Structure formats: C-alpha cells, structure tokens
Amino acid sequence: MSLKVAIVGASGKVGTHLVKQLKADSQHFATPLALVRTAEQVEHWKKVAGIDATLTSIETATVPEITAAIKGYDAVVFAAGAGGKGVERIFTVDLDGCLKVAEACEAAGISRFVLVSAIMAEKREFWWDIPGLREYYIAKRSADREVRCTKLDYTIIQPGWLTDDASTGKFVKASDAERVFAQSREIARADVALFIKEALLHPKEAGRKTIPLINGSEPVAQFLSEL
C-alpha cells in the first residue's frame with residue numbers, strides 16, 4: 001500500500017526536493033500533502049506541482065485544526081523553519097510549530113513523525129557562542145527533546161550545513177559524524193530529502209532514533225543498515 005505523507009515546510013528547499021522525490025516514487029508513495037501558510041502556495045502546489053495542499057499555518061492554526069488537516073495520513077514530515085526571518089519566528093515555527101504538529105499527530109493517530117533538526121543540537125558547548133545561531137539551536141534542541149518524550153515513532157534528522165549541491169546519495173556513517181564534522185560539515189538538501197524518503201520506507205531501521213547527516217562515502221542502504 002502506498003504511504004500517504006503530509007509535509008510541513010513543503011515550500012522550503014528540503015521540502016521541495018522531498019515532494020519531487022515522493023512524487024517520482026509512486027510505487028511506494030501516494031500523492032503527498034503540503035501544509036502551507038498562504039493561498040498562493042496552495043495554488044502553486046495544486047496547479048503547478050500537482051499535489052494536494054491545505055492552507056494550514058502551523059503558527060496560527062490550533063492543534064485541532066492541524067489534526068484535521070493531517071487526519072488519514074500515514075506519516076508527517078516536519079521540514080519547516082523560520083528561515084532567518086526573526087527570533088520570534090524561530091520559536092513560533094521551529095519550536096512551538098513543531099510541537100503543535102507532534103501533538104496533532106498524536107491526536108490524529110499518526111505514529112510516524114520525521115523531524116528535520118540540526119547537527120550537534122545536543123552539544124550546547126558547540127553552538128552557544130556562534131553568532132546568530134544560539135536562539136536557533138535552543139529551539140531545535142528543545143523541540144528534539146520534547147519529541148523524544150512522545151510515544152511517536154519518530155526519526156529526528158540532524159543535517160550538517162545545507163548546500164544546493166547535486167545529490168550524491170552517500171553519507172558519513174552516523175556513529176562517525178561528530179568526529180568527521182570538524183573537517184567535513186556539508187550535506188546536500190537533495191540528500192536530506194533522499195534520507196527522509198528512505199527513513200519513511202524503513203521505520204524499523206530509522207524509528208525512534210536521532211540521526212546526524214553529512215555527505216560521505218556510504219550509500220544510503222548501507223548507512224541505514226548501520227544505524
């Protein structure tokens with residue numbers, strides 16, 4: 001049976017890659033649903049991209065409204081972010097928006113939840129003194145920790161520095177990522193989307209895990225098998 005996936009943050013760069021990859025794999029995935037915050041985005045996804053879309057802003061919608069939007073789906077991906085649009089939105093999108101969606105998943109009976117976070121989020125000593133990133137990491141770390149306390153079958157993905165490079169489909173072994181991060185920090189957005197897709201298809205390997213992502217030499221199947 002094809003997986004029905006709802007995507008929060010479909011209009012972002014990672015989300016856009018993910019929509020394309022899910023649409024291209026019709027054997028495993030039904031037409032995805034984009035939760036977006038403007039009528040123009042709804043029109044784009046429905047008329048231009050040919051997928052389902054709902055006008056459901058995670059900042060202003062209530063948990064019951066988000067629940068109604070995702071009801072009937074098999075999995076939810078949270079790939080939204082404030083995108084540098086002010087400290088307040090870091091907390092209304094990256095933190096509270098994420099937690100509202102997680103609560104909505106629980107209310108809707110959806111167990112599978114994939115969250116795009118940030119690498120080294122648990123390492124306060126790493127990010128505390130990085131100009132402009134402290135608030136972002138506080139939100140990401142807090143959201144990750146709250147999601148881990150739920151009963152959801154979550155996968156928390158912690159990508160390194162995001163690039164627009166072409167997909168390689170290869171990653172640094174998860175257990176080596178922190179060590180390698182000092183020399184190699186980048187991950188293509190297309191490869192983040194690729195791993196989200198594979199994590200959705202392999203919940204046994206990826207479920208209830210926090211996974212750092214950096215481009216490396218391991219093909220995705222091997223990377224998954226070693227988690």
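I started with K197, which sits in helix α8 (helices are DSSP runs of H or I, at least four residues, numbered from the N terminus). Before going on, I noted that this is a predicted model, where local features need pLDDT of at least 70, side-chain atom pairs count only at pLDDT 80 or more, and totals for chains, interfaces and linings use all residues. Residues are numbered from 1 along each chain as its sequence is written, and side-chain values use heavy atoms, with hydrogens and water left out.

Is K197 buried or exposed? I found K197 buried, at a relative accessible area of 11% (buried is under 20%, exposed over 50%, partly exposed in between, with a 1.4 Å probe and protein chains only). Leaving aside neighbours within four places in sequence, K197 is in contact with L18, Q21, L22, D25 and F29 (contact: heavy atoms within 4.5 Å).

Next, the cores, meaning sets of buried Ala, Val, Leu, Ile, Met, Phe, Trp, Tyr and Cys residues joined through side-chain atoms within 4.5 Å. The largest nonpolar core has 36 residues, and W45, F195, I196 and L213 have the most contacts inside it. Helix α8 (residues 189-201) gives the most to this core, seven residues. I also logged a second, separate core of 32 residues, with A61, A102, A143 and L152 among them.

Last, the helix pair. In α3, I see V63, I66, T67 and I70 meeting K100, V101, E103, A104, C105, A107 and A108 of α4. I sorted the residues of this contact into eight nonpolar, one polar and two charged (Ala, Val, Leu, Ile, Met, Phe, Trp, Tyr, Cys and Pro count as nonpolar, Asp, Glu, Lys and Arg as charged, the others, Gly among them, as polar).

Note on methods: Helix = DSSP H or I, 4+ residues; strand = E, 2+ residues; numbered from the N terminus.
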